[in-house]
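Thank you for letting me take a few minutes this morning.

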Amino acid sequence: MKAGDFITDVVHSVAFLSRLPVPSRFFSDGDDVSMRRTARAFPAAGLLIALPAAFLVVLLATFDASPQLTGWLAIAVTALITGALHEDGLADMADGFGSGKDRARTLDIMKDSRIGSYGTIAMILSFALRATALASLIETLPARTAAACLIAALVMSRALMVWHWQALPAAKTTGIAAAAGQPGTSERNIALATGLLLFVLFTLHALSFVSIVIVVAAAYLAAALFGRLCVSKIDGHTGDTIGACQQITEIVILITLALAA
């Protein structure tokens with residue numbers, strides 16, 4: 001893996017996963033970088049995406065802002081930066097899976113841009129659980145350490161979404177995920193290794209090694225169980241389930257970090 005290629009993949013990942021501006025020179029004419037290769041850099045992109053929210057956590061601590069206010073604002077910032085990309089996937093998945101319909105109808109519901117009751121509830125719970133867990137970390141830990149834990153959660157969850165993408169077959173032949181293809185074993189391994197390394201680096205000063213293992217195991221278990229649910233419901237993954245996997249694992253990571261801190 002060449003360093004220059006990986007940097008290009010990071011920039012492409014940031015452009016795909018967020019609304020952050022990126023240099024146009026990384027998107028020159030004839031650029032044939034595929035999304036399936038770019039996926040290996042999703043965790044590194046997650047680090048860049050998390051920085052504004054992490055900075056906000058530290059900044060608000062200097063004004064003695066309440067942990068709950070800080071937690072909600074920080075999570076809101078992450079949603080603004082990503083354009084609520086993953087939240088949208090979670091909502092679509094919840095509407096489809098919650099409908100109780102057959103596979104074909106479930107996929108149709110997930111494709112519908114309108115949000116239903118299950119999707120609304122899923123998004124409310126996602127914001128509430130993440131903001132409350134982050135607030136608990138801010139109450140328990142120094143602001144910089146809590147901010148580092150937030151970065152770790154956003155990084156690791158994006159590694160696990162690559163795992164979900166690679167592990168499951170495409171549930172349909174159309175859509176962004178199907179058109180992009182699937183990351184290979186090498187790309188998955190790089191994403192997981194990068195995510196795990198960054199997660200340990202950002203949490204080692206806050207948690208014991210045993211606690212880190214427990215948090216990572218909980219996140220992997222959540223991703224695995226969600227993957228089994230996707231297979232039982234729609235026989236694979238879609239772009240929506242990839243986004244939902246990121247949300248679910250981020251929630252689990254932040255909650256387990258709050259419990260372990």
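Let me begin with the word contact, by which I mean that heavy atoms lie within 4.5 Å. Before I use it, please keep in mind that this is a predicted model, in which local features need pLDDT of at least 70 and side-chain atom pairs count only at pLDDT 80 or more, while totals for chains, interfaces and linings use all residues. Residues are numbered from 1 along each chain as its sequence is written, and side-chain values use heavy atoms, with hydrogens and water left out.

With that in place, which residues does Thr78 touch, leaving aside its neighbours within four places in sequence? They are Ala53, Arg130 and Leu154. Thr78 itself sits in helix α4, residues 67–82, where a helix is a DSSP run of H or I with at least four residues, a strand is a run of E with at least two, and both are numbered from the N terminus. I will call a residue buried when its relative accessible area is under 20%, exposed when it is over 50%, and partly exposed in between, using a 1.4 Å probe and protein chains only. Thr78, with a relative accessible area of 5%, is therefore buried.

Arg130, one of those contacts of Thr78, leads us to the salt bridges, each being a side-chain nitrogen of Lys or Arg within 4 Å of a carboxyl oxygen of Asp or Glu. By this rule there are 6 salt bridges. In one of them Arg130 pairs with Glu250, and their closest N and O atoms are 3.2 Å apart. Because Glu250 belongs to helix α12 and Arg130 to helix α7 (residues 117–140), this pair ties together parts that are 120 residues apart in sequence. Both partners are buried, Glu250 with a relative accessible area of 2% and Arg130 with 1%. Salt bridges that share partners also join Asp9, Arg37 and Arg40 into one network.

The salt bridge of Asp112 with Arg114, at 2.7 Å between the closest N and O atoms, gives another picture, since Asp112 counts as partly exposed at 26% and Arg114 counts as exposed at 64%.

Let us turn to the nonpolar cores, each of which is a set of buried Ala, Val, Leu, Ile, Met, Phe, Trp, Tyr and Cys residues joined through side-chain atoms within 4.5 Å. The largest has 51 residues, and those with the most contacts inside it are Leu134, Leu137, Leu150, Phe199, Ile253 and Leu257. Helix α8 gives the largest share of this core, 12 residues. Apart from it lies another core, of 17 residues, which includes Leu17, Ala44, Ala45 and Trp165.

Leaving aside neighbours within four places in sequence, Ile253 is in contact with Ala153, Met156, Ser157, Phe199, Val215 and Ala219. Ile253 and Ala133 are 120 residues apart in sequence, yet their C-alpha atoms are 9.3 Å apart in space.

Finally, Val215 and Ala219 are among the buried residues of helix α11. What covers the buried residues of α11 includes α5 (85–98), α6 (103–111), α8 (143–167), α10 (185–203) and α12 (239–260). The expected span of a helix is 1.5 Å times one less than its number of residues, so the 26 residues of α11 (residues 209–234) should span 38 Å, and the end C-alpha atoms, 37 Å apart, agree with that. After α11 comes Asp235, whose phi is positive, near 65°. Phe209 also lies in α11, but at 62% relative accessibility Phe209 counts as exposed.
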